[in-house]
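Here are a few exercises to work through with the model open beside you. Try each one before reading its solution.

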Amino acid sequence: MKESLHTLAYAGMLGIVCALLLTGAGRLAAPYRHANEEAERVRNILGVLGVPFQEGASSQELVAAYGLNVSEEERGELTLYFYADREAEGSFRAVAAPFAGQGLWGPIRGFLALEPDMRTIRAITFYDQEETPGLGGEIGSAWFQDQFKGKSIEDAEGNPGLRIVGGGGASAQNEVDAITGATMTCGKVEEMLNATIALIGEETGADGQ
Amino acid sequence: MGSNAPVACGVCEGKGLLTFKDGVWHDNPISIQILGICSALAVTNRLANALVMGGALVFVCAMSNLFVSFLRTVTPRRIRMIAEVAIIATFVIVFDQFLKAFYWEMSKQLGPYVGLIITNCIVMGRAEAFALQNRPVLSVVDGVANGLGYAAVLAVIGFIRELLGTGQVLGLTVLPPDWYTSNQVMILAPGAFFALGFVIAVSNMLKGPEPEENRP
């Protein structure tokens, strides 16, 4: 009985001390961690919009560049990030929209940036993905992302939609090559991109605004 | 190992230097005990990663040994292992938070491996095998020594892999790409096995053969 009490008291005390240490560390680190996370988010948006920034820029510099160049706009369930053109009032150089969905192993998140015509793809980035390294994980590599540049989110007849085609058969203005051995990942990516493209179409209308 | 003359050191009961040498060399956790090689293989594609991981282990091993040893007389035997894990996990998370706050890029590079130190056999092993039987200061010496032994092996593997795999050391190009074509396999998983095998072989060669019956 006495032994059990001792065990219980020991476990309780140890738990309290460990919990206090962890809470303290978490509290102290939180502001820095949040600043880093915000800088990371901002860096992704700046990168996909093509806003120039220095490679080793600090979090404050990134956030400053973001505040200067980018304006966020809520459109229904879509948040659009406009890269403002500071030389021409009211116009913008690019716009980015987030997309997200379930990949093969975990969530995939990224940004799709369009030119001001709202049809041509300026850039794409997948900043969060856990696909199979060497196969689906190739969506994170430059060759896969670069082939989206200059492609259209509409086919020749003006129907919205992007296709990721296998067998190296991408030829139309809205087609990109799939990754060999990553059919599942490519299918899921195509699905989430088209969902976002449809949303962009709904929220901005066909006239580009 | 008993042949070394104990060096006087008040708080360490004269066993400080011996304990230190054991951890770093004679009983090196990786090259002799072959413990903790999961992370040794996973994070050594860059020397910088290997050094940070080594630093993490020095910190965690020293702190957990200190606390386990400090509490060794009051810890109920039945729950000692879960208590050790709780202590180890606390310090691992503290280190992880520190990295996330001040070395964000490094924290992203190491990914889950910092958290996985909780399950690193070296830390648990030292707590069970050493800290439970020895005084706090000597336990800290043991923790630091084992952490350094791990860090040293990781640094050598990281150095070999980064040099042969990318022609760089700590991100600085030392082998110009004109006459050295970097060998991609060294930064992939097989390269880690080659480098680890090489390090263990060399350290065994330097030590010379040791008959089984001489081992304690």
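**Exercise 1.** How much area do chain B and chain A bury between them?

Before we start: this is a predicted model, where local features need pLDDT of at least 70, side-chain atom pairs count only at pLDDT 80 or more, and totals for chains, interfaces and linings use all residues. Residues are numbered from 1 along each chain as its sequence is written, chains are lettered from A in the order in which they are written, and side-chain values use heavy atoms, leaving out hydrogens and water.

*Solution.* Step one: the two chains bury about 1700 Å² between them, with 72% of that on carbon and sulfur atoms. Buried area here is the accessible area (1.4 Å probe) that two parts lose on being put together, summed over both. Step two: Thr90(B), Gln97(B) and Trp104(B) supply 31% of what chain B buries against chain A, more than any other three residues. Step three: 19 residues of chain B touch 17 residues of chain A, contact being heavy atoms within 4.5 Å.

**Exercise 2.** Work out the pattern of helices and strands in chain B.

*Solution.* Count first: chain B has 8 helices and 2 strands. These are DSSP runs, H or I of at least four residues for helices and E of at least two for strands. Then read along the sequence: α-α-α-α-α-α-α-β-β-α.

**Exercise 3.** What share of chain B is buried?

*Solution.* Take the 216 residues of chain B: 46% count as buried, meaning under 20% relative accessible area (1.4 Å probe, protein chains only).

Methods: Buried < 20%, exposed > 50% of the residue type's maximum accessible area, 1.4 Å probe, protein only.
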